[in-house]
Amino acid sequence: MAMTTDMGLCPHQRNEQQWMICDSILQELTTAAFELFRPENSIDDFLERMAMRLGNVVIVAVSLSGEKARLLASAGLSSGSRKLPLSAIELVQDRFPWPEVHRSDISSWTFDVTSIGLPRDLGDVRLVLFRSRLLKVSPMYRGLVERVTRIVCRAVQHRRVLAKLQESGRKYSEQTDLLECIVNSSPVGVMYVPNEGEVMCNRRVQELFGLGPRGETLETALSKMTARIETPADLSARMAEYSLLLESRMRRGTLPRGAAFGEEGIDLTLHDGRRLTCFCIPVRNRQRSRVGACWYYRERLERNHVELEHQAALEKERAARAASEKMQKRMHLLSEVGRVLISSLDHRQQIKGVADICIPEIADILSIDLFGAYGFDRFAFSAVRSPEKPDAPLFWMDISDFQLDMAAPVGPGHVMSAGVTELWPRLDEKTIDRFGLGEREKRALLALKPTSAIYVPLIARNRCLGVFTLASQGTRVYGEEDRLLAEDLAMRLSFAMDNVWLLRQAEQAAAASGAEKSVDAHDSGLQAQDAAFQMAGVSGGPLGDAIGVHPLGQPCGEGND
């Protein structure tokens, strides 16, 4: 073995022999380490050679990362031992799982390879050498191993860089092949003209002008193109002028969006009668410097114009159909609201029916506040759809005791006092702060999480009865069309509320003048209302009985019936 020495030699001769053996081993292992710069050479084979020359039983290279560990390379381990699970904590404590090193005469040397020069992203890499204690080893061998390990680290770094370069080259080749396939399969001719170098073009340009795929200068390419073009005669000058114009416009940021698609360009006519449109796009690198220009040649056919006109007509037809369907849905909604309003003379049943139609078709929240018109008590409720249970019945919330600031510059109080509609496409907490609400009212409104809202006054016979609100909790954003629809709904609801209260006034007046006079007055003066009352079958039950949530007949006191 390389470690044995002749005990009959004198100390000086023994040291000299050890130096010679160490130098021989160092040269051999250094040569083997340099061979690792070639990716086809295995690190496991190098460790086997190293174990043989240094007299080691086992050599392992392990990577530690947190509590995990993995075996990178080894020498002297069986295939079964290499598959054993590893624990970083046990390895740090020199508790090794491999049966080959579970001998009483085995000792180990550990080298921190990461500190020697291995990249940190591989983790905490350690090289462990196991040897027999019976074998006498000179201390100089530790320095030998460190020198060889540094070379191995450089080889590993080189192999990783080479692998990245090869992967980048493979991806570049794939992208180049894909781009070439796309360009060559395009019906549009493409010619790339670099600032320095040869012109490159796809198959379409080769067919149109008889050019080669590459290897021609710009002057040669232009001369071949001019030979096949009838007009314009000064193609070279026109292309140069057009390229400079686009370059200056691109530098100023005034290049139109459609310039790259033939809306601006040079019209060409070939000798065989075909017509082309030529347009250019300057090509820049990452530093925004111009490196060349890409020229496109598109054949202009009559069928192209027909297809474009046909496509434009289809787009107009789709837009008109969408607008018609939207208008039809809104007319159907207004028709349903009208049917609900004439089916009952109880304003609570009317409001419930309107809420059932509008939620969630056009809103997630519907509120109505009738503030004591015609001497009646205030009637104010909000209907809300549960986002978690969209099919569940609407939740009704009594807001009759909420206070509104009529002097606020915006918000529901301002709508009531001024009688004007307010559209809020985006509703947030800062906007709600401007409504002049109390702390309790503000918290209740924020709890509903409205994102967009429309506040419309309820006006009948030039008198404001209250305010009607539609609000969204999701992505719906109200616009001008939604405002017009909300005003139409509010107008119908105002007339319905006004008719209900007029009928109640007539009934109270009739009751005061006596039963017989009441019947005569009713037959002569309110014949239309009586017919509607008889056909609809007035229900005097409260809204709470109708929806099973709140007894809303007396929201703030008595006298609401």
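The largest pocket holds about 690 Å³ of space. A pocket here is an open set of points on a 1 Å grid over the protein atoms alone, with protein on both sides within 12 Å along at least five of seven lines. Its volume is the space filled by probe spheres set on the points, which are joined across faces, edges and corners. The model is predicted, so local features need pLDDT of at least 70 and side-chain atom pairs pLDDT 80 or more, while totals for chains, interfaces and linings use all residues. Residues are numbered from 1 along each chain as its sequence is written, and side-chain values use heavy atoms, without hydrogens and water.

The largest pocket is lined by 19 residues; lining residues have an atom within 4 Å of a point. Leu179, Glu180, Val183, Met200 and Arg214 lie nearest the pocket centre. Two or more lining residues come from each of α6 (140-185), β5 (189-194), β6 (200-201), α7 (203-209) and β10. Helices (H or I, at least four residues) and strands (E, at least two) are DSSP runs, numbered from the N terminus. α6 gives the most to this lining, with 7 residues. The lining divides into 11 nonpolar, 5 polar and 3 charged residues. Ala, Val, Leu, Ile, Met, Phe, Trp, Tyr, Cys and Pro count as nonpolar, Asp, Glu, Lys and Arg as charged, and the others, Gly among them, as polar.

β10 (residues 290-299) also pairs with β9, in the antiparallel sense over 9 bridges. Pairing requires at least two DSSP bridges between two strands. Leu276 has Glu299 in β10 as its bridge partner. The β9-β10 hairpin has 5 residues between the strands, and Arg288 in the turn has a positive phi of about 65°. β9 (residues 275-284) pairs with β8 (residues 266-270) as well, antiparallel over 4 bridges. Here Ile266 stands opposite Cys278 in β9. The β8-β9 hairpin has 4 residues between its strands, and Gly273 takes a positive phi near 95°.

The structure also holds 3 cavities of 30 Å³ or more. A cavity is a set of grid points where a 1.4 Å probe fits but cannot get out. The largest cavity has about 350 Å³ of space. Of its 22 lining residues, Ser367, Ser382, Ile399, Pro412 and Leu445 are the closest to its centre. β11 (365-370), α14 (439-447), β15 (452-460) and β16 (463-472) each give two or more residues to the lining. β11 gives the most, with 4 residues. The cavity lining comprises 16 nonpolar, 3 polar and 3 charged residues.

The largest nonpolar core has 37 residues. Such a core is a set of buried Ala, Val, Leu, Ile, Met, Phe, Trp, Tyr and Cys residues joined through side-chain atoms within 4.5 Å. Leu470 and Leu489 touch the most other members. At least two core residues come from each of α10 (302-342), α11 (347-358), β11, β12 (379-384), β15, β16 and α15. α15 gives the most, with 8 residues. Beyond four places in sequence, Leu489 is in contact (heavy atoms within 4.5 Å) with Leu333, Leu334, Val337, Cys358, Ile362, Phe468 and Leu470. Apart from this core lies another, of 34 residues, including Leu26, Ala61, Leu129 and Val148.

Ser494 is placed in helix α15 (residues 480-512). Ser494 counts as buried because its relative accessibility is 0%; buried means under 20% relative accessible area with a 1.4 Å probe, protein chains only. Beyond four places in sequence, Ser494 contacts Leu458, Ile459, Ala460 and Leu465.

Conventions. Buried < 20%, exposed > 50% of the residue type's maximum accessible area, 1.4 Å probe, protein only.
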